[in-house]
Amino acid sequence: MNAVSDGGSAATQVASSSCPASRRAAARVLRAWNIADLRRIAKQRLPRAVFDFFDGAAEDEITLGANRAAFERVRIAPKMLAGVASIDTSTAILGGTSKLPIAIGPTGGIGFGWPLADVGVARAAAAAGIPYTLSTMATASIERIAREAGGRLWFQAYIFRERKMTMDLVERARAFGYEALMVTVDVPVGGKRERDFRNDFAIRFRFTPRNVLDFATRPLWVLDIFRHGMPVLENVVGLAPEAKSTAEIASSVGQFWDADFDWDGLKAMRDRWAGKMLVKGTLRADEAARLAAIGVDAVVVSNHGGRQLDGAVAGLDALPPVVRAVKGKMSVLVDGGVRRGVDAIKAVALGAEGVMLGRATLYGACAAGEAGATRALEILRDELVRSMQLSGVRSIAEIGPDLLAQPG
Ligand SMILES: Cc1cc2nc3c(=O)[nH]c(=O)nc-3n(C[C@H](O)[C@H](O)[C@H](O)COP(=O)(O)O)c2cc1C
């Protein structure tokens, strides 16, 4: 179950790919020097409606911008003469070893970006030695990911109004050896994602003249869809007959969830799931303390990549009060806007065990599937190592608040 993927580097994947188009795409990501380059390649390959679904956020996208701005505001006071020839990036996340202070967060519907993108991202994570989270809304099933990727697997649950559907998924994750359950709590209803509305992606998916024109500009993407078929939400097939197409779900985020889910419901899930439990989507210190008190093992400080409440505080800005409130009783992870290796240093210095990635590996996967996700992780690892050397820290344990420049 927990075998490690033998995916190798992005360069190895270029050499071993049997499909010329995939080989060309993979070769292209080797010329990507940062996550922004991967985003650019993804944008060139995807129809606008699909790219915007991944890239976009709620309303004025203020929180989306705030996530990035928060990382950019934090400054490091680097230490010199620290003897940094040898660097160890490994650390403990949620009580297990991770080769980087990074884990992959859940992203639904990503098979629209590349055939079986979920498998590609999961295999890239396993090869990099970091945890991977499979979304309820993934385009690969719980079973497929366990079989085809391995590594440290977490399952992210949304709470369906029909609670049994959620519990059936949780049971499947348990049966297939998933190490942890992540409950996302910031989607009582879907956020107002206006790019999707404009692109006809926010309503029940249908082919409109706008979409057909949009798709016509991206023949390679269309060819992939013809070759591999429309992506399927493999976890919910048969569970929610009215919600089985990916596009339908993508366009109706939140429609199936239980907006009445509350602390009692969460406590009941905590009591039923014997493994580790993370709660994703809180931004408040008082809630984090309460989560620790009911036996939740980790909190992911997150605003869902700006896709839910526009105006919500940036994850990184919300992190320090959460860290103070939980007083070491639980693991704290943070996400939102992680695009550089140095971001992980900043988050760890502010008290997180590590960061979670959303769009960073997703852009890579949209650019070239597994090779692209692998490339994204290679970029972030290289940046992290170099930034640790330039900051004068040899291990993750050496990163603390004293590494940060005091404002002013
Ligand atoms: C396309 C897309 C789909 C997502 N799907 C989910 C999901 O199914 N469950 C969830 O908890 N979060 C989901 N998220 C939120 C991410 O897990 C994460 O919180 C966010 O992307 C972090 O911000 P970043 O993309 O700027 O790194 C999704 C994000 C994106 C971009």
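**Close-up views of a predicted model**

R270 is buried, its relative accessible area being 10%. The legends below describe this residue and further sites in a predicted model.

View 1. R270 lies in helix 13, which spans residues 263–272. The side chain of R270 reaches the backbone oxygen of W273 at a distance of 2.6 Å. When residues up to four places away in sequence are not counted, R270 touches G275, M277, I294, G295, V296 and D297. With a relative accessible area of 10%, below the 20% limit, R270 therefore counts as buried.

View 2. Is S391 buried or exposed? Its relative accessibility is 5%, so S391 counts as buried. The side chain of S391 reaches the backbone oxygen of S387 at 2.7 Å. Apart from neighbours within four places in sequence, S391 is in contact with I76, P78, K79, I345 and L403.

**View 3. Salt bridge between K79 and D402.** One of the contacts of S391, K79, also forms a salt bridge with D402, with N and O 2.7 Å apart. This pair links distant parts of the chain, 323 residues apart. K79 belongs to the loop between helix 5 and strand 1 (91–93), whereas D402 belongs to the segment after helix 17. K79 has a relative accessible area of 30% and is therefore partly exposed.

**View 4. Packing of helix 3 against helix 17.** On the side of helix 3, the contact is made by I35, L38, R39, I41, A42 and R45. Helix 17 contributes A360, Y363, G364, C366, A367, G372, R375, A376, I379 and L380. By class, the contact comprises 11 nonpolar, two polar and three charged residues.

View 5. In general, side chains of opposite charge can pair when their charged atoms come close. The count for the model comes to 28 salt bridges.

**View 6. Packing of helix 5 against helix 16.** Helix 5 and helix 16 (residues 341–349) pack with their axes 10 Å apart, at an angle of about 75°. Helix 5 is therefore roughly perpendicular to helix 16. R68, F71 and E72 of helix 5 make the contact with D343, K346 and A347 of helix 16. These residues divide into two nonpolar, no polar and four charged.

**View 7. Salt bridge between D317 and R73.** The closest N and O atoms of D317 and R73 are 2.7 Å apart, and the two residues form a salt bridge. Which helices does this pair link? D317 is in helix 15 (residues 315–326) and R73 is in helix 5 (residues 62–73), 244 residues apart. D317 counts as partly exposed because its relative accessibility is 36%.

**View 8. Salt bridge between D286 and R284.** The side chains of these two residues meet in a salt bridge, N to O, at 2.9 Å. D286 is partly exposed, with a relative accessible area of 45%. R284 is likewise partly exposed, with a value of 47%.

Note on methods. Residues are numbered from 1 along each chain as its sequence is written. This is a predicted model: local features need pLDDT of at least 70, side-chain atom pairs count only at pLDDT 80 or more; totals for chains, interfaces and linings use all residues. Side-chain values use heavy atoms; hydrogens and water are left out. Contact means heavy atoms within 4.5 Å. Helices (H or I, at least four residues) and strands (E, at least two) are DSSP runs, numbered from the N terminus. Ala, Val, Leu, Ile, Met, Phe, Trp, Tyr, Cys and Pro count as nonpolar, Asp, Glu, Lys and Arg as charged, and the others, Gly among them, as polar. A salt bridge is a side-chain nitrogen of Lys or Arg within 4 Å of a carboxyl oxygen of Asp or Glu. Buried means under 20% relative accessible area, exposed over 50%, partly exposed in between (1.4 Å probe, protein chains only). A polar contact is a pair of N or O atoms within 3.5 Å; within protein, one must be able to donate a hydrogen and the other to accept it, and residues adjacent in sequence count only if both atoms are side-chain atoms. Axes are lines fitted to C-alpha atoms, for helices over the stretch in contact, and angles run from 0 to 180 degrees between N-to-C directions. Angles under 35 degrees count as roughly parallel, over 145 as roughly antiparallel, 65 to 115 as roughly perpendicular and the rest as oblique.
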